[in-house]
Each structure stands twice: as structure tokens, then as C-alpha cells.
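Hello,

Here is the structure I said I would pass on. Please have it open while you read the notes under it.

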Amino acid sequence: MTAGLDSETARSAVVPASPADVQAVVEREVQRWKPDILDLSHAIHADPELGGQEFRAVKRVKRVLRKAGFTFDEQQPEQPTAFSARLGCGQLVVALCVEYDALPDIGHACGHNVNAASAVGAALALAAVAKELDITVKVLGTPAEETTGGKVDLIEAGFLDDVSLAMMVHAGAADVVGGSSLAMSMWDVVFEGRPAHAAAAPSEGVNALDALVVAQLAIALARQQLPVGSIVSLIVTEGGSAVNVIPERSRASVEMRAPGIGQLRLIQDKVRRCLEAGAHASGCTLQLNSQGNDYAELRQDPFLSGAYQEAMKATGRDVVFNTDPVASTDMGNVSQRVPSIHPIVGYDVRGAVHHTAEFAAFGASAGADKAVLDGSFGMAAAACAAAMDAEQRKRLLHQTPG
């Protein structure tokens, strides 16, 4: 990697008291660390790893953080590709959440290399002002956003307990802040019956595929009574092995989304009863296994959103404030715990949409690089605005979980 600001300079930088001067320091630091930040984005993009397997991405992120003087907490998360690092000793703790998992076959089709590098870039910029603003910069490596939800595991393990505010940006096609997300959960469904010859002794069998068909029909009929904005998706992943054998096992994946975690619980209850109906009607047994953690809806903090929106004007971006829900993220769980932002930082993807190979192709483009640097600046500047505002600082310290 190309040399950036050395750690001693980062720790000892003199920061004038005015917000404008602090913002100028942040901008300078993003530019000084630019080669390291963009090298990180490109390296992660070129070497995609699935959730829970992001070992090389973690090594790359840690290398940059060590270079900037960050130290790693004595207590580390149990997940092998999660970590906790920090710089500074202020009571106000600013957490930057670093995502780095990719998708099967299509790589970084959700732009997590941009997300990761932006969070690291913001942390590097804040390192230069941590002493003067009396803040602690905490970097959390958060694996498996696309699958199991590593941020939820970190919350449950106490790694958010000392955090006052949390931030990350997400790659996209437009600049948006303030948006929500859908609460989400996913189940693996297994019906177990008894096999038999489909012609010679069908009455001896217990048809597991019948159970799944009944359950699917019940779910389809139940959709009319689900809360507005709810989504239930189901795919059959196993339905039998041979046409002349009564299926002894069927398997499906069910994904449920709702505007909020309360509505999600209602959907889960209804879907569970539909699945139980299939088991009851067919005489099969039913196994339900959660695939990862439940995701809560995202709540973006109004002050931090406004500060980010204002700061991004300096980069030439017009960030739209829009509260509409977009997809689902385990950052929603973080935002339920501490004041947070999760803006979308945009670049030209020529109409491509997330989770496609076409979107992934733009992840190391010049536009994506600018998004990484602008997102780094916007988050760092927003955190500085909160730290320098006496009322907001008091609010955030009061709301710190620990």
C-alpha cells in the first residue's frame, strides 16, 4: 500500500476550535490517506469472500488501521472475521461499521468494498481529531451482512455497549440519507414423512411434498391478512428424489419482511401456523431453523443525517433526504441500539441494480472511488459536528447503552 499519514502525526495533529477548521482537517486527512483507502477498496473488490469467510479482507483492513495507530481491544468477538479496534480515549465513542462480505458467484454485487473502505476512511480522518474533540474512534469489523447478520452478534456480545453513535455508508446509484429498511427473518423449513413405492404401496407413505404444497397454499391465502408492506417469499429447495417414490423429505427457504420488527413478529406467527397446517394435514413432522439473526428496521438519527447531508455539499453532492424503506440490513439492529446513520453514497452504475454482476462491475470504477472518499469525509464530518455541539454531545452520551 502507498504511504499515508503516519500514526504519530495523526494522533498529534493540532485542530483549531471552529467547525469549519475541523472540517478542513478531516478533508485533508481523507486526501492524505487516499491511496490506502482506495487500495483497500480495490483489493477487497478484486478478492470477494462470502459471509463469515472474509479472512483476507479483515487482514487488509487491520493492516491499514495498525498503520494509523489503532489498537485492537483485548476482548475480541468470537466470530473469526469480526474485530474491534480503537483510537483515542474520549467518553464519546464513535463507531464505524465495516462490512466486507460478497455474494456467491457475482462477487461484490452489493458494493461492500465501497462500504468497507468508506468506514475505514472515516476512521482514519477522525483519528486526527480524536484528541482535540475528546472522542474515541471505534472500528468494528462486521461480517456476514448478506447472510447471518454479524452486527447482531456483536450487539449481543456487548461490543456496542460503550458506543455513543454508529455510522456506515452503503454503495448505491444515488445519494440518499434518512431511509429506513425492512425488518427481515429467514427460516429453513423441513418436513419429514415416510417413503413408499408410489404405485405398489402409496398408502404406506407419508408425503412430505404434500405438506409443503399445503403450507405454500396456506401462506398464499394468508397474504391478504398480512400487515401493509409485508413480503413473504418461499422457494422449494428439496421435493423428492424420484417420481415413483413418495417423498420422505421436503425442504424450503422462507423469507419474511415487514416495515417493523413488531409486524415481523405477526408475520412469523402466521407463517408458522401455515407451516404447521401442512404438517398436520399430511401427518409429517416439521422442523423450523432460523437462518441467521432477525434484522430490525433501520432508524437513521435526524441530527446525524442532517450533519451528513450538509457536509456532503462540500464534495459537490446533493444528498436527498428520503425516509422510504430500502431492502434490509443488520445495521437496523445497530440503529435500534444507538443513534446511527446508514446513508447511500451514489455513483454511476448505468442502471444496474444491487445483487447483479452488472452492479459489481462498477465497484472499482472512478465513480466508486469518489464515492468512497466522499463517504469517508461525510461520515467523519458528521461525527465531528455531533462532538462539537454541546447539546448533541450531551444527548449522545446520555443515550450510550453502557
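L126 is in contact with V94, L96, I135, V137, A380, A383 and C384, leaving aside neighbours within four places in sequence. Keep in mind that this is a predicted model.

In soluble globular proteins, nonpolar side chains tend to be buried together.

Next, strand 4 (residues 135–141). Because 7 of its 7 residues are buried, strand 4 is largely enclosed by the rest of the structure. In a regular strand the side chains alternate between the two faces of the sheet. Here I135, V137, V139 and G141 are buried on one side, and T136, K138 and L140 are buried on the other.

Which strands are joined to strand 4? Strand 2 (residues 83–87) runs antiparallel to it, with 5 bridges, and R86 stands opposite K138. Strand 3 (residues 92–98) runs parallel to strand 4, with 7 bridges; L92 has I135 as its bridge partner.

Last, S250, which sits in strand 10 (residues 249–258). S250 counts as buried because its relative accessibility is 0%, and the cut-off for buried is under 20%. A polar atom of the S250 side chain lies 2.7 Å from the backbone oxygen of A208. Beyond four places in sequence, the residues that S250 touches include V189, F191, L212 and E238.

Regards

Definitions and conventions: Residues are numbered from 1 along each chain as its sequence is written. This is a predicted model: local features need pLDDT of at least 70, side-chain atom pairs count only at pLDDT 80 or more; totals for chains, interfaces and linings use all residues. Side-chain values use heavy atoms; hydrogens and water are left out. Helices (H or I, at least four residues) and strands (E, at least two) are DSSP runs, numbered from the N terminus. Buried means under 20% relative accessible area, exposed over 50%, partly exposed in between (1.4 Å probe, protein chains only). A polar contact is a pair of N or O atoms within 3.5 Å; within protein, one must be able to donate a hydrogen and the other to accept it, and residues adjacent in sequence count only if both atoms are side-chain atoms. Contact means heavy atoms within 4.5 Å. Two strands pair if DSSP finds at least two bridges between them.
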